[in-house]
Amino acid sequence: MSGRASEPPSAGSAAQDREPEPESVARAIALRLLTSAPRSRAQLAEAMARREVPEEVASAVLDRFTEVGLVDDAEFARMLVRSRHGDRGLARRALGEELRRKGISAEHAEAALAELDSESEHATARRLVARKLAATRGLDPQVRMRRTLATLGRKGYPSGMVMELVREHLASEGDTDPDDPLVTFGRGDDPAEDV
């Protein structure tokens with residue numbers, strides 16, 4: 001065994017390892033992320049920035065990906081609205097916030113949200129109210145109301161719509177009391193303020 005320090009090999013894969021080109025890094029990041037799930041252009045740009053890809057390189061790669069249809073913020077926004085509303089029951093307000101967090105432009109967000117009609121949103125809210133009230137059956141009506149308001153509030157539904165649906169649902173259960181705050185809602189006191 002010689003006492004000399006080992007030198008890098010002059011041949012083989014170790015000799016050819018060099019810093020990858022920023023464009024290759026940017027493409028690899030975009031392809032890896034797009035393989036796992038659809039992404040917005042802004043999400044991909046953020047991922048590239050975290051890996052210190054120069055902004056002009058990232059922009060050029062994203063422009064090319066957009067040209068060939070691998071990045072499409074308008075379609076991404078439409079897909080997100082359909083899936084989040086269908087799977088998680090999110091309303092327009094919550095969907096709009098999520099689109100903004102993902103860097104979708106106001107124009108694309110507005111167009112995607114316009115595809116969610118009021119009837120569909122109302123039907124989803126009705127289904128969520130029925131599910132939440134069924135899960136809280138046996139509890140104090142005010143507790144049921146607060147929990148239902150909180151759940152649907154987090155999903156972006158207006159409290160007035162939720163209160164109306166809660167009243168309808170409780171009336172169908174025969175669980176109404178003329179002195180109940182659910183019945184008197186909108187006549188002075190706002191139980192939603194407790195949420």
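Colleague: How far apart are the end C-alpha atoms of helix α8, residues 118–135?

Modeller: This is a predicted model, and its helix α8 has 18 residues. At 1.5 Å a residue, α8 should span 26 Å, and the distance between its end C-alpha atoms agrees with that expectation, being 26 Å.

Colleague: Which residues of α8 are buried, and around how wide an arc do they lie?

Modeller: The buried residues of α8 are E121, T124, A125, L128, V129 and L133. They sit on the same side of α8, because the arc they cover around the axis is only 160°.

Colleague: Which exposed residues does the face of α8 turned away from its buried side carry, and which helices do its buried residues pack against?

Modeller: The face turned away from the buried side of α8 carries the exposed residues E119 and R131. The buried residues of α8, for their part, pack against α5 (73–88), α6 (92–101), α9 (141–154) and α10 (159–173).

Colleague: Which residue caps the N-terminal end of α8?

Modeller: The backbone nitrogen of E119 has a side-chain oxygen 3.1 Å away. That oxygen belongs to the residue that caps the N-terminal end of α8, namely D117.

Colleague: Which element gives the most residues to the largest nonpolar core?

Modeller: The largest nonpolar core has 16 residues, of which A26, I29, L44, M48, V53, V61 and F65 touch the most other members. Two or more residues of this core come from each of α2 (22–36), α3 (41–50) and α4 (55–67). With six residues, the element that gives the most is α2.

Colleague: Where do the buried residues of α2 lie, and what do they pack against?

Modeller: In α2, V25, A26, I29, A30, L33 and L34 are buried, and they line one face of the helix, since seen down its axis they fall within an arc of 150°. On the other side of α2, R32 and T35 are exposed. Leaving aside neighbours within four places in sequence, A26 is in contact with M48, V53, V57 and V61, while the buried residues of α2 pack against α3 and α4.

Methods
Residues numbered from 1 in each chain as written. Predicted model: local features only at pLDDT ≥ 70, side-chain atom pairs only at ≥ 80, totals over all residues. Heavy atoms only, no water. Helix = DSSP H or I, 4+ residues; strand = E, 2+ residues; numbered from the N terminus. Expected span 1.5 Å × (residues − 1). Buried < 20%, exposed > 50% of the residue type's maximum accessible area, 1.4 Å probe, protein only. Arc of directions from axis to C-beta. Contact = heavy atoms within 4.5 Å. Polar contact = N/O pair within 3.5 Å; in protein donor to acceptor, adjacent residues only side chain to side chain. Core = buried A, V, L, I, M, F, W, Y, C linked by side-chain atoms within 4.5 Å.
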